Amino acid sequence: MEVQAPVFGVAGPGWVDTEAKRFVGQYPLSVERYLLNVVARLAPGVTTVTNSARYYALHGMVAHEAQTRHLTTDETIALLRSCEVVMGGISQAHVAGGEHDRSVTVHGGEIIGRGLAGGFLDVAGLSGRENGAYAQDSWGFQRAYRGAEMTLRIVGTTGGLVPGPMFDSARVRAGLGPLLDLAQEGSLSGATLAEASALCACRIGTGPDGPWFAELFAGSPTAPAMSVSGIRRQTLRMIAVAMPSSGLGSMSTDLARFVAYDPLLLNHEWLAESVVCRMWRGVALRAESVNSWRSLWAALVAAINGQTTRAALCDWLADHVPAKSVSEFVAALPSTRTVEGAPAPAEHDPAVTGAAEPLKALMILMLGGVRHGELTGHELLGFRGEGADIGEELAPLWMARRIEAWAARSMKDFVADLVDVLINRSQRLALRRSVFDKRSGAVKIPTRVHVRDEFVFQDSQEGAGNVSLRWTQLVRIGAQVGLFNQPGQASALGERGALLE
């Protein structure tokens with residue numbers, strides 16, 4: 001009798017978890033990359049998380065103090081964290097007193113507020129690095145401001161946390177200096193914090209450090225137009241002109257509509273020669289397309305019900321468009337040009353705004369393709385960028401070429417193919433961003449949407465919020481130091497608004 005030899009297989013080490021791990025990633029279609037990059041250039045000195053002007057002064061002061069006292073990195077971090085906690089505690093006490101400007105918030109305020117509930121602020125405990133501290137990052141919230149502070153040259157770009165050439169120690173210490181002494185205390189009473197209200201985050205406008213920062217933030221009128229200072233100044237002046245014109249009931253819509261369509265942008269004496277304002281016009285129009293890609297993707301993901309076939313998703317999107325050819329659909333869209341040849345508010349025409357998603361998003365995306373052939377000069381530069389950005393998949397030029405190539409074919413076929421483009425792009429980007437976790441032995445894939453053969457499934461919904469153009473942060477920081485009034489007031493310029501004139 002023949003005996004067969006046993007067959008052995010290797011399944012891999014039993015202690016290694018080889019299952020792919022999924023986690024939510026940002027920007028699943030990566031349509032935001034160009035927009036975020038150009039916004040960073042046109043709104044230098046703020047980010048989406050810089051919400052309080054006094055942190056700029058605080059971090060510069062800590063950097064100067066560390067340099068003066070020759071502190072080690074660990075000592076600098078300890079001082080920084082203590083100062084942030086104390087300013088947070090003072091601000092929370094100011095809130096409790098009812099005099100705080102609630103438009104100004106402090107980082108870690110909720111945790112610091114809970115720590116103050118007992119009548120004393122545990123500075124040492126909250127500023128430590130253990131669980132329950134006000135911030136998990138070792139550098140507190142300085143990293144959130146560091147890029148902006150380096151841009152403004154408040155801190156240096158090399159050599160750790162050091163003061164930059166635009167930091168004015170005398171004026172900042174005159175307004176914020178007592179904070180350094182309070183930060184040496186292990187605990188502070190609520191009464192002590194209340195008495196120090198001049199050090200609150202919302203009081204920079206009335207403190208000696210306020211004029212310093214207002215002058216720095218406003219930019220020099222003699223700075224070259226395309227220098228960092230000159231670019232920020234032109235952007236701030238654009239907002240100042242827009243505020244009384246549009247009323248700015250909503251920063252995300254009113255200002256965007258002014259920048260995108262209002263003739264005053266190019267005719268006002270402050271703005272007529274501004275290259276930056278013309279680029280902003282292109283950016284505002286590009287943002288319409290970027291936000292629509294996000295809306296379309298969110299709607300597509302929401303349509304995935306369990307294990308759904310690609311074909312079913314193609315049919316779902318095709319059901320939302322009329323039985324027309326691509327050229328007929330585009331011809332029926334609102335005009336993108338006025339009789340004078342300027343951009344018309346086609347994206348806000350009732351025929352577009354009244355459409356339901358995902359049709360509305362598709363209409364705006366195709367309007368973006370049309371605009372690519374109409375914009376010129378710096379408006380076109382702001383709209384499409386340079387180099388590889390111009391023809392990137394999902395960019396306006398890509399859409400313009402796609403409209404041309406599919407002109408005679410049906411819209412239903414057009415959007416069905418678009419579903420495949422979006423799914424394939426999302427998977428390609430997710431795999432490109434995957435990371436291997438050496439500790440767990442798992443591959444981490446940043447995506448909500450997963451594809452197996454012809455089946456697609458999702459493990460959570462996508463958000464569809466608009467991409468920030470940082471105008472809100474510019475107005476918020478400017479208002480805190482008196483460059484602007486709060487939106488909605490009769491005059492856009494605040495008590496230090498003359499710095500922008």
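This is a predicted model: local features need pLDDT of at least 70, side-chain atom pairs count only at pLDDT 80 or more; totals for chains, interfaces and linings use all residues.
Residues are numbered from 1 along each chain as its sequence is written, and side-chain values use heavy atoms, with hydrogens and water left out.

Student: How many salt bridges does the count come to?
Tutor: Side chains of opposite charge can pair when their charged atoms come close. A salt bridge is a side-chain nitrogen of Lys or Arg within 4 Å of a carboxyl oxygen of Asp or Glu. By this rule the count is 19.

Student: Is Arg371 buried or exposed?
Tutor: Arg371 forms a salt bridge with Glu347 at 2.8 Å, N to O. Buried means under 20% relative accessible area, exposed over 50%, and partly exposed in between (1.4 Å probe, protein chains only). Arg371 has a relative accessible area of 1%, so this residue is buried.

Student: How many residues apart in sequence are the parts that Arg129 and Asp74 tie together?
Tutor: The side chains of Arg129 and Asp74 form a salt bridge at 3.8 Å, N to O. Arg129 is in the loop between helix 5 (123-127) and helix 6 (142-151), and Asp74 is in helix 3 (residues 73-96). Helices are DSSP runs (H or I, at least four residues), numbered from the N terminus. The pair therefore ties together parts separated in sequence by 55 residues.

Student: Which helix holds Arg402?
Tutor: Arg402 meets Asp417 in a salt bridge of 2.7 Å, N to O. Asp417 lies in helix 21 (residues 411-432), whereas Arg402 lies in helix 20.

Key: Helices (H or I, at least four residues) and strands (E, at least two) are DSSP runs, numbered from the N terminus.
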